[in-house]
Amino acid sequence: MKPANSNEFKTYTQAVKEGKYDLYVGNLFGKYDNVRTYWEDQLTRIVLRPFLRNLVEMQRSEGKGMRIVDLGCGAGQGYDILTKIDYNDLDLGLQHKRVLPYEDISLFVGLDISQAMVTKGQDLFSDKPNVQFKQADLSQGLGEIKDKESAFDLYFSSYGSLSHLARKDLVTLLEDICDHGKDGSVVVMDLIGRYSVEWPGFWHGESEQEKVREYNMGYLYSEAVRQTTDIESFPIRFWTGQEVRELAQEISEKTGFTLEVSRLVDRSLLVGRHTDTRHFNPKLKPTRRSINSLHEDYMRTNLEELILDSSIFPEHTFISPLLEDLISSWNILIEFTQRRLSHNISLPDVAGWDQFAKPLQFALMTIDRVIADVGWMWYGDPRANIIEPQLGYALRTLEYEMQKGWGCGHGLIAVLTLKK
């Protein structure tokens, strides 16, 4: 990611020293928690798959490999996201076939302002000669890479890295990308959503100053540490889907090239990083911690803790109805699972079925079938190890299918296509 000031730089440097950016270890909290692994990374891959598949196939047809630049790369976690995308949805008989195997990568360049991140990336990927890391200040655009490298097929970012840039600096970066890229290049902007339930106090305000707020990475630490440690904060620019569309239009007019918004997707609407810390919204339940528990081996989750209500966010003309519908569907699924586990309900007994959204109907059928199919097992704790993870995936699907790309999640993924 790309720090904007000295506090931010210190935060990321310290995080590297403490091992926060080492390879995945899994846990109930921290950078590589279960939601990151089973929800966020997977949803990012689902969104990117058709775009990346088209790029790879085009390059193969021309006998070329993929050229990728990772903007605000950290220690190279974006590489893991991109190279673990399955070509198709898997059925039980298929092995993994990746959209982007290593041999199809001509060059992967990671850019980050933090030398600690660059050094860590160089160490982690020392066995991959086509993967490089360079220090760069993205607030100044693409910098020297614009002159030294030919066009990239994919200009990629992940996990809010471009929200570290002020709007004017993001304009500079996108202008450089439009000038440097080629017809058909894809730009992936990963931003922090403005309308997340994590920070309803940030929803209103139209000046540019009001869209930049102080943020922290307290979620990297346990609750005990957060209570006894002053976590450094730094400014972040929060975004809505409409603002992304306006930004793309502005860049298109300035450069004379078309930067088309191909996809906008909200990620982590009810399970964002700060639902657990409640730093910006004390009304929240620690929902992410409960979802992490669903995906943890041999850990049974108190499902009652996942029941939510709309008092966690204020009234908003068009955001409130969306979140209310999602929370209602979320609760119906949780409550059905609770009763189904106790054999107190069957699917035909669920009231209001005809009025349910299709994603909710599918989720209810999934959980009903899973419980029916594994209820006879006596070994391996099927509730903790089979039913609860499937409930987690069903809840993830609800979020994904009901989101609108308005900036209502912790993350807002914007996929843009350059046309020259």
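Which residue of β9 does V188 stand opposite? V188 faces V415. The notes below start from the model as a whole and return to that strand.

1. **Basis.** This is a predicted model, in which local features need pLDDT of at least 70, side-chain atom pairs count only at pLDDT 80 or more, and totals for chains, interfaces and linings use all residues. Numbering runs from 1 along each chain as its sequence is written, and side-chain values use heavy atoms, with hydrogens and water left out.

2. **Overall form.** The protein chain holds 13 helices and nine strands. Both are DSSP runs numbered from the N terminus: helices are H or I with at least four residues, strands are E with at least two. The C-alpha trace spans about 65 × 50 × 40 Å along its principal axes. A compact globule of 420 residues would have a radius of gyration near 22 Å, and the chain agrees at 22 Å. That radius is taken over C-alpha atoms, and the globule rule is 2.2 Å times the number of residues to the power 0.38.

3. Of the 420 residues, 56% count as buried. Buried means under 20% relative accessible area, exposed over 50%, partly exposed in between (1.4 Å probe, protein chains only). Among contacts with a separation of 6 or more, 76% come from residues 24 or more positions apart. A contact means heavy atoms within 4.5 Å.

4. **Strand β9.** Residues 411–419 form β9, and eight of its nine residues are buried. Strand β5 (residues 186–193) runs antiparallel to β9, joined by seven bridges. Strand β8 (residues 258–267) also pairs with β9 in the antiparallel sense, over nine bridges. Here R267 has G411 as its bridge partner. Strands pair if DSSP finds at least two bridges between them.

5. **Helix α4.** In α4 (residues 115–124), the buried residues are M117, V118, K120 and G121. They lie on the same side of α4, because they cover an arc of only 165 degrees around the axis. The arc is that of the directions from the helix axis to the C-beta atoms.

6. **Helix α11.** The 23 residues of α11 (residues 319–341) should span 33 Å at 1.5 Å a residue; the end C-alpha atoms are 33 Å apart, which agrees. The expected span is 1.5 Å times one less than the number of residues. Just after α11, H343 takes a positive phi of about 60 degrees.

7. **N281.** This residue sits in the loop between α9 (274–277) and α10 (287–294). N281 counts as buried because its relative accessibility is 4%. Leaving aside residues up to four places away in sequence, N281 touches V197, E198, P200 and I312.
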